[in-house]
Amino acid sequence: MRIIELTKETKTDLLNNLLKRSPNNYGQFEATVNEIINNVRANGDKALFEYTAKFDKFNLSADNIKVTRAEIDEAYAALDPKLVEVLKHSAENIRAFHVKQLRNSWFDAKPDGTILGMKITAIEKSGVYVPGGKAAYPSSVLMNVIPAKVAGVEQIIMTTPPGADGRVNPGTLVAADIAGADVIYKVGGAQAIAAMAFGTESIPKVDKITGPGNIFVALAK
């Protein structure tokens with residue numbers, strides 16, 4: 001938490017920072033995001049690997065793009081057992097809440113032979129984006145993956161940026177495993193959104209994308 005003494009100068013700085021968040025200032029990022037999206041759409045994995053090397057300083061490839069079971073097990077070992085239990089308890093609470101939201105298909109036959117109804121069908125593939133670095137919050141993993149799982153989505157894939165060593169935040173991995181994500185890919189930024197939107201050689205195209213992210217991720221979505 002930052003404590004700022006309010007003066008004429010700091011007031012001006014605060015206002016300027018808030019104004020920078022206005023959608024009116026997003027134009028300066030749009031060209032960059034569009035270029036990334038078009039590149040990934042046209043070149044698939046090749047573009048993903050190049051952007052990951054450029055932005056995350058990790059040499060991504062088809063062999064290491066997917067998080068392995070061994071990496072998930074290492075993440076469990078790296079976390080405080082008490083935190084793991086907290087994540088499990090949180091997951092149970094989130095799941096119980098969303099179960100109450102489930103809607104069921106229904107059909108009603110009228111005496112004249114007319115049949116009215118509504119069929120509820122879960123989407124086939126859902127993509128969840130999870131930020132890395134200081135914005136890696138396990139809670140966002142739980143709150144995005146679990147509702148999809150409860151709804152009956154057949155496959156839930158997750159993308160999250162790796163560190164320069166190729167590792168993913170252990171809290172993110174443990175939360176994803178507890179929540180039930182089916183596959184986790186080491187890709188971040190607008191390029192990850194483009195990969196899930198259009199599909200690449202390694203990452204399948206999904207029907208819906210959720211999850212928080214920076215301005216580049218938000219614009220890509």
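Predicted model: local features only at pLDDT ≥ 70, side-chain atom pairs only at ≥ 80, totals over all residues.
1. The largest nonpolar core holds 28 residues. Within this core, the residues with the most contacts are Val 141, Leu 142, Val 145, Ile 146, Met 158, Val 174 and Ile 184. At least two residues of the core come from each of these elements: helix H4 (69-78), helix H5 (81-99), helix H6 (138-151), strand S4 (155-159) and helix H7 (170-179).

2. Val 141 belongs to the largest core. With neighbours within four places in sequence set aside, Val 141 is in contact with Val 130, Ile 146, Met 158, Thr 172, Ala 175 and Ala 176. Of these partners, Ile 146 and Met 158 are also listed with the most contacts inside the core.

3. Ser 126 is part of strand S3, which spans residues 125-129. Its relative accessibility is 4%, so Ser 126 counts as buried, the cut-off being under 20%. Beyond its neighbours within four places in sequence, Ser 126 is in contact with Ala 148, Val 153, Gln 155, Ile 156, Ile 157, Val 206 and Lys 208.

4. Ala 109 sits in strand S1, residues 106-109. Ala 109 counts as exposed because its relative accessibility is 57%, and exposed requires over 50%. Apart from neighbours within four places in sequence, the contacts of Ala 109 are Thr 114 and Ile 115.

Terms used. Residues numbered from 1 in each chain as written. Heavy atoms only, no water. Helix = DSSP H or I, 4+ residues; strand = E, 2+ residues; numbered from the N terminus. Buried < 20%, exposed > 50% of the residue type's maximum accessible area, 1.4 Å probe, protein only. Contact = heavy atoms within 4.5 Å. Core = buried A, V, L, I, M, F, W, Y, C linked by side-chain atoms within 4.5 Å.
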